[in-house]
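Please read the numbered points alongside the display.

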Amino acid sequence: MKRLLLLVLSFATINGFGQNLKTVFEQSEGRKTGTYDEVISYYEKLAASSEYIAIKTVGMTDSGYPLHLVTLDLDKDFDFEKSYKKGKTIVLINNGIHPGEADGIEASMMLLRDYATQADKKAMLENTVIAVIPIYNIGGALNRNSFSRANQDGPEEYGFRGNARNYDLNRDFIKADTRNTKAFYEIFHEVNPDIFVDTHVSNGADYQYTITHLITQHNKMGGAMGKYLEDTFRPRLEKLMVDKGAEITPYVNVFNTTPDESGFPQFLDNPRYSTGYSTLFGTLGFMIETHMLKPFDVRVNSTYNLLQTTIQIAKEDGKKIRSLKVERQADFKAGTKHPVDWRLTRSESSELNFKGYVGEKVTSKVTGQERLLYGHNRPFTKIIPYYNTYVSTEEVTIPKAYVVPQGWYDVIELLKLNNAQFKRLKQDSSISVEVYHIDKFNTSKSAYEGHYPNNNTKVITSIETLSLRKGDYIFTTDQPAARYLIETLEPTAPDSFFSWNYFDTILQQKEGFSPYVFEDNAQQLLEAEPELRKEFNKKKNEELDFAQNWYAQLDFIFKRSPYYEEAHMRYPIFRIVE
């Protein structure tokens, strides 16, 4: 009887705790989202009230505030390395990367409270640890307004998309221009998640679903993990959501048109995006996108259901997901090929039983031109193609190691922040390495997230013996960070450091020649080097523009002479392949 009384009292205390600690969303009957201070205060109260929840600060953001990390751990370890060794499945939820998209912020607060207090939900966490970043874009969260989400149905006020320096943080996971991203690195590698979820709100088209998913593209993930994503995880996620009455479909990747019989492609999450980044470390990652035209309370509840579904899959498939993650990290072997860029193929597709609205083109009362109008009174359900197969357009052979000269300290810092293991040369050394020279590239003509990125890069490869300095860095590829190293250090990869302008100084020639002085040198070079003279005359005979351009002719000779600087167009990261 005494034990029964204690159980009843305990349940009453927990139930009362759950009732008393309501979120701003709940208190406002689904109309409002908490301010930054209210969200953090809520988690602090939650941690103070539950022995299973801990909150701490990690790193610093551009706003001058640190990130917070909240952990729900029934073992009360709050030590991710220990949890990992115990075989616990670790789920990391990221919220508020775009603070106007507040659904995940609210759903996560209720989720942690409920799973810490309700017996049936706690039972789901026997072998799972949940970690939550309450609000990633703190600067944006502090910049509250009611108008920047012009198409969104609630909440009444919300944060802004850009961070304190007006960066879109969901384009920053490789270039790392912000303190937010560097703090995220610290969290991600401490938590070492098996599953990563990033919560969003958007609309590219109108349809019946409240929520869609962007599971990381399965071909790009590759290996057994990629197959699991497509064949097991996605169907399971979709079925469990149907069972909860919150049907979900892949992200509807169309804009200002209707999803129709022609179907639509899967979104390709390159490493600049959060799930593209998590893929580099073998983590199963996906975004959720609730539909901004649906009411705020409905969106939050759908997000809550999705997070519950993730926990259920973690409970049932956690060991398999961990095994696939470790296997994928070990797939990267020196001498094997690895694809770094992709294109959609429409030769293959799967089918979606899609629930949309009929759209039609009508005359706009504002512009007098044609506009798109969806008919909410004309819903449809029909089979459409879903193009979710990508094929490689660029492959590299994985080297044994990359050499990063110590002068490129900004790149080295990012490699270190991403747990890339290294050794340093103990003395000046001459080493045979594979060298890239940038042959062709394009540069964006308009600014994109603080950069003018390079793209369509082509390289010429040679083997050279270079003099390297004591203290230069060697990053081998036999490590968990191998894929991160490959896709950031290979210049032809779309989100490489070269693409993000980290090496643009090599594109500018530092030393040149005065034509009237170099004329004599050029003549001597042509007389002394028959092969150069032959190549020079051939170009003059075959190319009229060249034959009529005296400076281009001198420059041609200069760039094939000992006077031409080695650093110009030579990619400064070298590959050890022997």
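**Note on the predicted model**

1. Of the 578 residues in the protein chain, 55% are buried, where buried denotes under 20% relative accessible area, exposed over 50% and partly exposed in between (1.4 Å probe, protein chains only). This is a predicted model, in which local features need pLDDT of at least 70 and side-chain atom pairs count only at pLDDT 80 or more, while totals for chains, interfaces and linings use all residues. Residues are numbered from 1 along each chain as its sequence is written, and side-chain values use heavy atoms, with hydrogens and water left out.

2. The C-alpha trace of the protein chain spans about 105 × 65 × 40 Å along its principal axes. The chain has 18 helices and 19 strands; these are DSSP runs (helices H or I, at least four residues; strands E, at least two), numbered from the N terminus. Among contacts (heavy atoms within 4.5 Å) between residues at least 6 apart in sequence, 78% join residues at least 24 apart.

3. An open sheet of three strands deserves attention: its order is β8-β12-β11 and its pairing is mixed. Two strands are taken to pair if DSSP finds at least two bridges between them. The edge strands, each pairing on one side only, are β8 (264–265) and β11 (350–363). Strands β8 and β12 run parallel and are joined by two bridges, whereas β11 and β12 (residues 370–387) run antiparallel and are joined by 14 bridges.

4. Individual positions in this sheet can be checked directly. Y386 in β12 is the bridge partner of F264 and also of S350. L352 stands opposite I384 in β12. The hairpin of β11 and β12 has six residues between the strands, and G368 in this hairpin takes a positive phi near 80°.

5. The largest nonpolar core has 128 residues. Such a core is a set of buried Ala, Val, Leu, Ile, Met, Phe, Trp, Tyr and Cys residues joined through side-chain atoms within 4.5 Å. Helix α12 (residues 296–329) supplies the largest share of this core, 10 residues. A second, separate core of 14 residues includes Y207, V252, F264 and L372.

6. Which residues have the most contacts inside the largest core? They are L112, L306, L415, L489 and F497. Neighbours within four places in sequence aside, L489 is in contact with Y402, V404, V411, L415, F497, Y571 and I573.

7. Helices α3 (residues 36–49) and α5 (residues 103–117) have axes that come within 11 Å and cross at roughly 5°. Axes are lines fitted to C-alpha atoms, for helices over the stretch in contact, with angles from 0 to 180 degrees between N-to-C directions. The two helices, α3 and α5, are therefore roughly parallel to each other, a term for angles under 35 degrees. In this contact V39, Y42, Y43 and L46 of α3 meet I105, S108, M109, L112 and R113 of α5.

8. F173 lies in the loop between α7 (138–142) and α8 (179–191). Why does F173 count as buried? The reason is its relative accessibility of 0%. Apart from neighbours within four places in sequence, F173 has contacts that include I97, Y136, F184, P271, R272 and Y277. F173 and H68 are 105 residues apart in sequence and 18 Å apart in space, C-alpha to C-alpha.

Technical notes
Angles under 35 degrees count as roughly parallel, over 145 as roughly antiparallel, 65 to 115 as roughly perpendicular and the rest as oblique.
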